[in-house]
Each structure stands twice: as structure tokens, then as C-alpha cells.
Amino acid sequence: MEYVTGVKQKDTLELSQLFEEGVAGNRVKVNGAIHTIRDMGTVAFIILRKREGLVQCVFEEGVSKFDLKDLKEADTVEVTGIFAASEKAPGGVEIRIEEIQILSEPAKPLPLPVAKWKLDTSLEARLNYRPISLRNIRERAKFKIQEGIVRGFRDFLYEQGFTEIHTPKIGAKSAEGGANVFKLDYFHKPAILQQSPQFYKQMMVGVFDRVFETAPVFRAEKHNTKRHLNEYTSLDFEMGYIDGFEDIMAMEAGLLQYTMKILQKDYARELKILGIELPKAEEIPAVRFDEVKKMVSEKYGRKIKNPFDLEPEEELLIGQYAKEEWDADFVFVTHYPSKKRPFYAMDDPEDTTYTLSFDLLFQGMEITTGGQRIHDYNKLMEKMETRGMTEEGMEQYLSAFKHGMPPHGGLGIGLERLAMKLIGEDNVREATLFPRDLSRLEP
């Protein structure tokens with residue numbers, strides 16, 4: 001009998017260990033995938049790809065104890081050699097190979113030139129070969145940035161006393177209403193894929209006061225644009241005992257500031273690879289929906305076509321206006337019309353045609369929707385009645401309010417949209433590992 005006592009320590013080193021602990025002249029061992037081979041004759045440079053980046057290994061004829069012809073791109077190998085400093089090598093270090101062991105070999109050549117600095121192929125090709133295209137250093141870096149966003153979201157909210165929850169994605173009723181839901185047969189009962197965790201996170205405010213979730217949501221929208229997905233990751237939080245919806249905006253501003261610091265500190269390599277300059281989040285202007293529509297209309301000569309919502313072109317112009325007038329990358333647009341907000345959105349007591357809600361625009365694109373919710377049971381029932389809604393499928397949700405709920409509000413952030421804007425892409429699929437849209441169910 002043997003005991004398993006924890007993480008097994010290995011004699012192979014990761015890049016951070018090499019950079020921090022490596023001593024010139026020491027014998028080291030590393031493993032990785034062969035990213036590319038540059039054969040110079042008596043010398044060859046074998047670039048290994050590891051989770052932290054690239055490391056250069058040097059084959060020297062007569063010194064390295066293997067035949068270079070036995071190696072090819074995408075082999076996974078274990079290299080033993082002498083650690084050395086090199087100004088021209090990635091990271092300023094290299095390994096002069098003594099021995100190499102092939103751990104696995106590809107059955108076919110790579111379908112994409114992943115070793116190139118920029119993968120100059122169509123988006124369609126990159127998505128069709130997604131597990132391969134993501135081996136490209138720049139493509140991979142996008143999703144390290146995305147990881148940093150989620151880390152910032154989680155870590156900040158933990159610090160602020162939030163509890164992480166996990167809610168079901170199959171339900172009887174949609175939180176958002178409308179027809180854009182995926183319907184399914186659930187053991188001979190009608191069900192839907194959730195558009196939002198809204199009902200559940202509101203109910204849990206009555207339990208934990210502050211809750212958050214990072215999870216997929218589903219929208220059966222028949223859009224095939226650069227900004228829409230049918231499945232995306234929503235970063236949601238809901239908080240109780242608020243004084244007003246401004247508390248929600250303040251929490252998001254703090255969250256963004258914290259996340260930018262995380263990215264600057266721990267993802268500097270990826271920021272450099274992608275050439276990203278992080279946006280400003282220290283002061284975020286907040287302007288009313290009706291006022292900013294007039295501002296943009298007057299400055300850019302664009303007629304207001306839809307008084308109840310923002311069109312994509314308007315969002316772009318608001319982003320442009322915020323940058324030109326306030327030097328702001330983010331802008332809160334507040335007091336959306338009640339007509340375009342869900343039934344649980346609290347109306348502005350001073351003018352019930354508007355709500356105590358907001359969107360956050362980032363460089364001309366909506367990435368967040370949030371606001372204060374109705375917490376009084378009778379007022380919630382009144383709002384439902386005025387909209388011709390019934391309680392069917394929402395009995396448990398309404399029960400939470402029937403038995404008392406604190407003043408509360410929250411928001412949802414579209415992870416892929418935020419990541420897309422941060423990395424400077426114009427198509428949300430670029431920031432989605434495996435996109436789901438009108439035409440794509442694979443890979």
C-alpha cells in the first residue's frame with residue numbers, strides 16, 4: 001500500500017523557475033511542445049512552447065546527443081541541457097541541449113502556421129481549428145487577459161464581502177421575459193435555458209446580502225453581428241442594503257480599478273504581446289439617458305431615431321463624446337426608459353417613465369446592464385399587473401419578496417465583450433474560446 005501525500009515535486013522546471021532560479025552553467029530539465037525549429041546548419045534553435053511562454057533551446061552538432069531530423073513541430077519533448085544567458089533569446093535565456101526525449105508525436109502536420117507572430121488567417125479558419133489556432137502566442141494571450149478579468153472580478157468581490165453562488169441554467173421561466181429563449185423538453189415538461197441568473201441572485205440577496213456568479217447565459221437572438229453571441233459568460237453580482245443604484249455603479253467602478261491593477265501587475269507579458277494600453281477607470285462620468293442622447297445628437301448632427309433605447313451607432317458616438325469631452329474610456333448611461341427595462345427594475349419616483357438603472361459603455365459598446373430592483377412585494381405585483389404578467393413559473397421568486405427583501409440592486413457584465421474591447425478586437429468571437437452563434441455549434 002502507498003499513501004498519496006500531495007502535489008508531486010518534479011525535476012522539470014517551469015519558465016518562472018528558470019528566470020528566477022536559473023544559474024548560468026547549471027544543468028536543467030524542461031518539457032514542452034516544439035513551437036518551431038530554425039535550422040542554421042551546425043546549429044539549430046528549437047523553440048519550446050510552455051504555459052508561461054516560449055523558451056529557446058539550442059542544438060549544436062557534435063554536442064547535442066540526438067539527430068535533429070528526428071524532431072518536428074508539435075512534438076512534445078523533455079530537454080536536458082545547460083542553462084545560459086542570451087540577449088537574443090526570448091526572455092534573455094536559453095538551454096544548450098545535451099539530450100532530448102520525445103514524449104509524443106503528431107499524426108499530421110499542423111493545419112495553421114501557429115509559430116508565426118500574427119496568425120494571418122481568416123477568423124473562420126481560426127475558429128474551425130480552434131484547439132490549434134490557440135497555440136499561437138498572441139491568440140493564447142487574449143484568453144490570459146480574459147482570465148485576469150475574471151480573477152479581478154472574483155477577488156475584488158470576495159474582498160467586499162460577497163458570496164459566490166452557482167445557479168441552475170435550466171428553468172421554467174425566463175428572468176428577462178420576451179421570446180428570445182431556447183426552449184427544451186424537460187422530461188415532458190416545457191423548460192428554457194436561462195437568459196440570466198437574475199431571479200436566483202435576487203432571491204439569494206435575502207440569504208447572503210451580497211452574491212455574485214460567473215457563468216454562461218443563453219440568448220436565442222437571431223443576430224449574426226460582431227457583437228452578439230447565443231451563449232456568453234456573464235459576470236453577475238447583486239447586493240442588498242443599498243441607498244440607491246449609485247451604490248451599484250460605485251461598486252463596478254471599484255471593480256474595474258482593481259481589475260486594471262491585476263492586469264498591470266500579473267499580466268504585463270500578455271499586455272505587451274498584444275500591445276494593450278489599459279483604459280482609465282479612476283473617474284467614470286455618469287449621465288442620464290435622455291440627456292446624453294441630446295448631447296450626441298447636437299454635437300454630431302445625428303437625428304434621434306429611437307427615444308427608448310440606444311442604437312449601436314449611438315453607443316459609438318457616446319463613447320466618442322466621452323473621450324473628447326471628458327477624456328473617459330468608460331461612461332455610465334443612467335435612467336433608462338421603463339419601457340425597455342424588465343418588470344423588476346425600480347421606476348424613478350420622480351418620473352416613472354424612467355428607471356433607476358444604467359448601462360456601462362466601454363469605448364462605445366455596452367458591456368454592463370444594472371440598476372436598482374423593486375424590493376417591495378406589493379409594488380412588484382403592481383408592476384407585473386400593469387404589464388399583463390402572471391405569476392406562473394415565478395412563484396418561488398415572488399415568495400422571497402412576500403416574506404421580506406432588503407433594498408437591493410445589481411448588474412451583469414458581458415465577459416467576452418469586455419475582453420474584446422480590452423484586447424482591441426472588433427468581433428466578439430475573437431474573445432470567445434468556442435463561439436456559439438447562428439451558424440456555429442462546433443468545435
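Biologist: Why does H188 count as exposed?

Modeller: H188 has a relative accessibility of 75%, and exposed means over 50% relative accessible area, buried under 20% and partly exposed in between, with a 1.4 Å probe and protein chains only, so H188 counts as exposed. This is a predicted model, in which local features need pLDDT of at least 70 and side-chain atom pairs count only at pLDDT 80 or more, while totals for chains, interfaces and linings use all residues. Residues are numbered from 1 along each chain as its sequence is written, and side-chain values use heavy atoms, with hydrogens and water left out.

Biologist: Where is H188 found, and what is its phi?

Modeller: H188 is found in the loop between β8 (183-186) and β9 (189-193), where these labels stand for DSSP runs numbered from the N terminus, helices being H or I with at least four residues and strands E with at least two. Although H188 is not a glycine, its phi is positive, at about 70 degrees. Most residues other than glycine have a negative phi.

Biologist: What makes D209 partly exposed?

Modeller: The relative accessibility of D209 is 34%, a value for which the residue counts as partly exposed. D209 is found in the loop between α5 (198-208) and β10 (210-218), and its phi, near 75 degrees, is also positive in a residue other than glycine.

Biologist: How do you know that the length of α8 agrees with its number of residues?

Modeller: Helix α8 has 12 residues, 289-300, and at 1.5 Å a residue it should span 16 Å, the expected span being 1.5 Å times one less than the number of residues. The end C-alpha atoms of α8 are 17 Å apart, which agrees. After α8 comes G301, whose phi is positive, near 65 degrees.

Biologist: Which residues of α8 are buried, and what do they pack against?

Modeller: The buried residues of α8 are F289, V292, K293, V296 and S297. Seen down the axis of α8, they fall within an arc of 135 degrees, so they line one face of the helix; the arc is taken from the directions that run from the helix axis to the C-beta atoms. These buried residues pack against β12 (286-288), α9 (312-326), β13 (330-334) and β15 (351-355), where a contact means heavy atoms within 4.5 Å.

Biologist: How many cavities of 30 Å³ or more does a search of the whole structure find, and what lines the largest cavity?

Modeller: The search finds one cavity of 30 Å³ or more, a cavity being a set of points on a 1 Å grid over the protein atoms alone where a 1.4 Å probe fits but cannot get out, with lining residues that have an atom within 4 Å of a point. The largest cavity holds about 50 Å³ of space and is lined by I149, F153, L235, L255, L256, T259, I413 and L418. Helix α6 (246-266) gives the largest share of that lining, three residues. The lining divides into seven nonpolar residues, one polar and no charged.

Biologist: What is the geometry of the peptide bond from E442 to P443?

Modeller: The bond from E442 to P443 is cis, with omega near -10 degrees, and P443 lies in the segment after α12 (415-423). Most peptide bonds are trans.

Biologist: How many helices and strands does the protein have?

Modeller: The protein has 12 helices and 18 strands, and 51% of its 443 residues count as buried.

Conventions
On a 1 Å grid over the protein atoms alone, a cavity is a set of points where a 1.4 Å probe fits but cannot get out, and a pocket is an open set with protein on both sides within 12 Å along at least five of seven lines; lining residues have an atom within 4 Å of a point. Grid points are joined across faces, edges and corners, and a volume is the space filled by probe spheres set on the points. Ala, Val, Leu, Ile, Met, Phe, Trp, Tyr, Cys and Pro count as nonpolar, Asp, Glu, Lys and Arg as charged, and the others, Gly among them, as polar.
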